[in-house]
Amino acid sequence: RMATQFKNWQVHHNYIETCGNKAVELAECNGGLIADNHIVNVVDGPQVIFGSRNVQIRDNIVHFTRTGINITEGSHHIRVSGNHVEPMPEVSKKAVLPCLIFRTEPLPVHSKINDVVVTGNIFRNQHTHGKCTLRFVTRPEALSCVYEGIALSGNVFDGDVQFYDVRTSGRTTIRDIVFADNVCEGALLSEPQETLDSSHVVVRGNMLRQPGTMTLKASNWIWTSNTHVNGTLEVASGAKSNIVRDNVTASPVADKGPGTVLTGN
């Protein structure tokens, strides 16, 4: 199958409207480009799937009704840059509608999604109550999935960022993640280690603009050099061995977690 995989498909400079599934899907591709497309009123935006690699998704405008950009099922070495992604205005206010989603397919396999660079994008979700811009989802049919080696830098997240899995958190591992130099208008959400295995997540140098207190529930994270413009950080009581240093906050950091390294804030 490696010898017969699709190579270097290029989908660019198109106007794509009212699509019932993925606007553009690259499956089992080694090399590929989805660029400079205007994508409107589609159910799902561009997708890479089934071990696709060395694919760029860049400079697209995506207006969707269910999910935006999808990085799925074994895809790796993917670059997502310069896109503007948000739900259509007519969507249900109760829907989740993530702008960027890392997920599996309904297959009974162990999966990994790794080595993804996400930079210079605008992910905006102000149309729904959840305001979800980023989400991880391992389907119930999957045996497990590891999401690792993902760098998210220089983006605008106009909504909430979810570093957890609401469906099958016990089968999900999130590790070796860099979330740096972003502007985040909403909450950055995490889960306790007992709920979801996340580690070596670095939250660094971000402009965090949500008013009030942001809560870190995860363990073994590094939270450093962030600016909480209108609020502060609370380390939850179950959050263990986090490093919280050199942050600028509107009020003192509240540390309730055991083993927190708290310095320079």
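**Entry 1: a salt bridge to start with**

I began with Asp44 and Arg66, whose side chains meet in a salt bridge at 2.6 Å, N to O. The pair joins distant parts of the chain: Asp44 sits in strand β5 (residues 38–44) and Arg66 in strand β8 (residues 61–67), 22 residues apart. For my own reference, a salt bridge here is a side-chain nitrogen of Lys or Arg within 4 Å of a carboxyl oxygen of Asp or Glu. Strands (E, at least two residues) and helices (H or I, at least four) are DSSP runs, numbered from the N terminus.

A reminder to myself: this is a predicted model, in which local features need pLDDT of at least 70 and side-chain atom pairs count only at pLDDT 80 or more, while totals for chains, interfaces and linings use all residues. Residues are numbered from 1 along each chain as its sequence is written, and side-chain values use heavy atoms, with hydrogens and water left out.

Are the two partners buried or exposed? Asp44 is buried because its relative accessible area is 1%, whereas Arg66 counts as partly exposed at 42%. The cut-offs are under 20% relative accessible area for buried, over 50% for exposed, and partly exposed in between (1.4 Å probe, protein chains only). I also noted that Lys22, Asp44 and Arg66 are linked in a network of salt bridges.

**Entry 2: two further pairs**

How many salt bridges does the structure hold? I find 13.

Asp158 pairs with Arg124, their closest N and O atoms being 3.1 Å apart. Asp158 is buried at 16%, and Arg124 is partly exposed at 28%.

Next I looked up Arg175 and Glu148, whose side chains meet at 2.7 Å, N to O. Arg175 belongs to strand β19 (residues 172–180) and Glu148 to strand β16 (residues 144–153), 27 residues apart. Arg175 is partly exposed at 30%, while Glu148 counts as buried at 15%.

**Entry 3: a serine in a loop**

Ser52 lies in the loop between β6 (47–49) and β7 (53–58). Its relative accessibility is 0%, so Ser52 counts as buried. What does Ser52 touch? Leaving out residues up to four places away in sequence, its contacts (heavy atoms within 4.5 Å) are Leu26, Ala27, Glu28, Cys29, Ser75, His76 and Ile78. With Glu28, I noted that a polar atom of the Ser52 side chain is 3.1 Å from the backbone nitrogen of Glu28.

**Entry 4: a loop leucine**

Leu107 is in the loop between β12 (100–103) and β13 (110–119). Leu107 is partly exposed, with a relative accessible area of 33%. Together with Phe50 and Val109, Leu107 makes a nonpolar surface patch of about 210 Å².

**Entry 5: the chain as a whole**

I counted zero helices and 30 strands in the protein chain. Its radius of gyration (taken over C-alpha atoms) is 18 Å, close to the 18 Å that the globule rule (2.2 Å times the number of residues to the power 0.38) gives for 265 residues, so the chain is as compact as a globular protein of that length. The C-alpha atoms fill a box of roughly 55 × 35 × 30 Å along the principal axes. Of the 265 residues, 52% count as buried.

Note on methods: Polar contact = N/O pair within 3.5 Å; in protein donor to acceptor, adjacent residues only side chain to side chain. Patch = residues over 30% accessible without salt bridge, like charges linked within 9 Å, V, L, I, M, F, W, Y side chains within 5 Å. Areas by Shrake-Rupley, 256 points an atom, 1.4 Å probe, with all protein chains shown as cover.
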